[in-house]
Amino acid sequence: MTDEHFHSSQPIYSQLADRINRQILRGELKSGDKLPSVREMGMRVNVNPNTVQRTYRELEGMKIVETKRGQGTFVTENQEILREMREQLKQKEISHFVKGMHEMGYSDKEIEAGLQSFLQDGKEITNQ
Amino acid sequence: MIKFEQVTKKYMTRKAIQNVNLELTKGKIIGLVGENGSGKSTTLKLIAGLIHPSKGTITVNGVKVDHRIAKEVAYLSELDEYYGFYNVGQTIEFYASQFPDFNLEKAEEIRTFMNLDRNSKLKHLSKGNRGRLKIVLTLAREVPVILMDEPLSGLDPMVRDSIVKGLISFINLEKQIVLITTHEIKEIESILDEVIAIKDGEIIGHHNVEQLRSEQNMGIIEWMTTIY
């Protein structure tokens, strides 16, 4: 998580929130795990502590993390919320993909067929 | 916390700073950007009380700035001006003797973080390690205002990274305000709360950086190219 750079033209607090959400989805951060302190997180990702604070507040608002007084910030143990987030992020990613395909003129049928054959071939995207 | 009211600074006939109004509040890291000779260093020196405005007033926490401001302000100069025959430890102790607000324990902590050997003579330090030492000496002071003139300039990426991490780790944002002049925008933009662009002695823009990103989808460099 340290080697990825942030896009300089998008708010860093939300990019960092996305990163943490993805870590939770992948299971790198588990339910009940403690997040690094604001300053510690700032140092890991080279971000202003004020910005990290805002990220944590944001995640708290989404109920994905909770701050326990004097103890720190923890990933929620409420599985329902994590399931919901998982579902939401999936929908978001799909709608982004479909929108892009529509913009290039593909029909729903083509998208469906293309996706199916792609998944059957087991092709994974490799970034160059 | 820091306030400029219609401040002008002239050197002979040349205006280094022109009619600047500025209000900065604590708890922030603020970047001062602009080309060489645009007035960045002059602005810092005015706040540090090292030079005085030709017109207008500058206040820090409501008090008009004069030479006595040194007890409120830590100033990291662009120049290297240390005693070569001192070693790192002696330099830290010398600073502690000069500034009552100097926190020796914190200085040791930052020195260790920066991987500086207490016994190295200053004249034998690499440029990068002199840059690191300057950070130790500046951030160990418990003062409300920290001014840094080009803390990253001429240093290699590893050193720049350790300085940026040092800033994140050792600035007390509950009590302090930090002003940094820099050309190295890429390295520092993720730790800035606000950015101020100066051109020909005038402030041509002042923004909250996250707002710039969310409202205009721009990073500091893109913003600079549109206004500069």
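A residue counts as buried if 20 or more other C-beta atoms, placed from the backbone, lie within 10 Å of its own, as exposed if 12 or fewer do, and as partly exposed in between. This is a predicted model, in which local features need pLDDT of at least 70 and side-chain atom pairs count only at pLDDT 80 or more, while totals for chains, interfaces and linings use all residues. Residues are numbered from 1 along each chain as its sequence is written, and chains are lettered from A in the order in which they are written.

Q: What makes α7(B) a helix with a buried side?
A: Helices are DSSP runs of H or I, at least four residues, numbered from the N terminus. Helix α7 of chain B covers residues 209–216, and its buried residues are B:Val209, B:Glu210, B:Leu212 and B:Arg213. They cover an arc of only 160° around the axis, so they lie on the same side of α7(B). The arc is that of the directions from the helix axis to the C-beta atoms.

Q: Which exposed residues does the face turned away from the buried side of α7(B) carry?
A: That face carries B:Gln211 and B:Glu215.

Q: What covers the buried residues of α7(B)?
A: The cover includes α1 and α3 of chain A, together with β9, β10 and α8 of chain B. Contact requires C-beta atoms, placed from the backbone, within 7 Å.

Q: Why does the radius of gyration of chain B agree with a compact globule?
A: The radius is taken over C-alpha atoms, and the rule is 2.2 Å times the number of residues to the power 0.38. For 228 residues the rule gives a value near 17 Å; chain B has 17 Å, so the two agree.

Note on methods: Helices (H or I, at least four residues) and strands (E, at least two) are DSSP runs, numbered from the N terminus. Two residues are in contact if their C-beta atoms, placed from the backbone, lie within 7 Å.
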